Amino acid sequence: MSESVPPGEHRTVLLRGGDVHSPADPFATAMVVERGHIAWVGSEGAADAFASGVDEVVDLEGALVTPAFVDAHVHTTATGLALSGLDLSHARSLADAADRVRAYAAARPDDRILIGHGWDAARWPEQRPPRRAELDELTGGRPLYLTRIDVHSAVVTSALLDSVPGIRAMSGFREGEPLTGDAHHAVRSAAYAAVSPEQRAEAQRLALRHAASLGIGTVHECAGPEISSEDDFTALLKTAAEGHGPRVVGYWADTDVERARALGAAGAAGDLFADGSLGSHTACLREAYADVAHSGVAHLDAAAVAAHVGACTEAGIQAGFHAIGDRAVGNVLEGVRAAADALGLARVRAARHRVEHAEMLDPETIAAFAELGLTASVQPAFDAAWGGDTGMYAQRLGVERARALNPYAALLRAGVPLAFGSDSPVTPLDPWGTVRAAAFHRTPEHRISVRAAFTAHTRGGWRAIGRDDAGILVPGAPADYAIWRTGELVVQAPDDRVARWSTDPRSGTPGLPDLTPGTDLPVCLRTVVSGQTIHVRPNE
């Protein structure tokens, strides 16, 4: 498994005087960390026996200690570039976006390439993205690569377009429209090739520092030849291994299984595209979109999926696919089932293959996920951003189909393992916001308890890489944890009867922060990975 942790001298640490979120003791107020692992969890009175034998005592002053979060789907370099560069996710209109593009270009006269992210014309009164001629004028004719918020389409300037030979003959090129498919992948490769190694390294460090500041101890990097580059991927793994930040588990989305292994990937998985996205009308559907007269694009059929799952299972590494539309999900499931028929269901289940996003599901496909042992690596912030009867999903699919998206409660009831992530920079790194989005899903029947959502964003991420011993604060587990300043701890569940019983001390259910929409989210004070501190909030 490709993962990296920061080196350092291990100290024995006693944390006391707070709340420790642990199933080992639902009323724990103290914890001992030794040699990078949890050594003990218990009560304040029992902590006295450890105080004299440790290297450090941390007074929690009432703070909450939880397992560190795992973001199961991240694009690290793109996240760093978005954090430091042109971010249009908050642009209120096309005119506002244009002002931001002009100001950004003027402020960076020496950059070889201008890179921006986050436009969403569905939110703008003009209901259209910027045109190429407009971007040429705004940038003074310089190369600009500007991705839609879902990163499945982009608008570019003429200078960048003309630098890619044969671009106009590629699939996904339509004059006057955003680039998708092969044309988009080609301009993305050209754009990122113009980013210097120094810029790339700083973007990666910035993204990892930001993740650590949010209590994220591990990220799953979803890279691949159609997303980034081999140099980008291996440089990230090296940076994570040498630096003082979150663990990085790398996935390389390529059907060349041996190449993925040679690059140090945990799997030939992640964003191996079975389709595109709903926002860009490229997710592959069984029935046409509500707002255009087509049903998207399939990039992999069942035979290709079966071959890849078979090769990965034989090689002992994970396979995984990006699948959003119901036809694409169906193709993936048909292929995985064919591989299970050939190799045996037990072998395929044991491999814990993954499906990223998995948004358009029905009872039959959910049952297949459970039967085949597939992990659903999902992004609840997608529903918060685009769900609801008036959101982008409803525009693309109609209200009835949109209401069926992201059925987390049904997945949990069926026993499907969930791993939560952000797909950053598509939606921001925001772990507590992600938990809130799942617990307060825009479609009430899909809501799950805060505890279940929290588990999917901590232990679920570890289980998704085949580790059942981590993401939980119990003796013997890796000491990956975060310390939070927060308000009263509660138990929140969609069924009020469950919530009322769970807050009764007799239930033995450890509480978590109140995530009711409108309340302040917890503030991360410290993040620790394998016993090593990777973030301390300034002035704390």
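Reader: Okay, over which residues does the pLDDT stay under 50, and how many contacts beyond four places in sequence does the model have for them?
Author: This is a predicted model, and its pLDDT stays under 50 over residues 1-7. For that stretch the model has 36 contacts beyond four places in sequence. Residues 497-503 also have a pLDDT below 50, with 9 contacts in the model beyond near neighbours in sequence.

Reader: And what does the protein average for pLDDT?
Author: The average is 93, and 96% of the residues score at least 70.

Reader: Switching topic: in the largest nonpolar core, which residues touch the most other members?
Author: Those are Phe321, Val332, Val336, Phe369, Leu418 and Phe420, out of 70 residues in that core. Helix H11, residues 326-343, supplies the largest share of the core, with 7 residues. Another core lies apart from it and has 20 residues, including Ala28 and Tyr481.

Reader: Tell me about H11 then. What does it pack against?
Author: Its buried residues pack against helices H10 (302-315), H12 (345-351) and H13 (363-372), plus strands S15 (318-323) and S16 (354-357). Among those buried residues are Asp326, Asn331, Val332 and Val336.

Reader: How far does H11 reach from its first C-alpha to its last?
Author: H11 has 18 residues and reaches 26 Å, close to the 26 Å expected at 1.5 Å a residue. Just after H11, Gly344 takes a positive phi of about 105°.

Reader: Back to Phe369. What is it in contact with, skipping neighbours within four places in sequence?
Author: Phe369 is in contact with Val329, Leu333, Val355, Ala358, Leu361, Leu374, Thr375, Ala376 and Val416.

Reader: Last thing, the open sheet. What order do the strands come in?
Author: The order is S2-S6-S19-S22-S23, 5 strands with mixed pairing. The edge strands are S2 (19-20) and S23 (532-536), each pairing on one side only.

Reader: In which sense do S2 and S6 pair?
Author: S2 and S6 (residues 64-67) pair in the parallel sense, over 2 bridges. Val20 has Val65 in S6 as its bridge partner.

How values were computed. Residues are numbered from 1 along each chain as its sequence is written. This is a predicted model: local features need pLDDT of at least 70, side-chain atom pairs count only at pLDDT 80 or more; totals for chains, interfaces and linings use all residues. Side-chain values use heavy atoms; hydrogens and water are left out. A nonpolar core is a set of buried Ala, Val, Leu, Ile, Met, Phe, Trp, Tyr and Cys residues joined through side-chain atoms within 4.5 Å. Buried means under 20% relative accessible area, exposed over 50%, partly exposed in between (1.4 Å probe, protein chains only). Helices (H or I, at least four residues) and strands (E, at least two) are DSSP runs, numbered from the N terminus. Contact means heavy atoms within 4.5 Å. Two strands pair if DSSP finds at least two bridges between them. pLDDT is the predictor's confidence in each residue, from 0 to 100. The expected span of a helix is 1.5 Å times one less than its number of residues.
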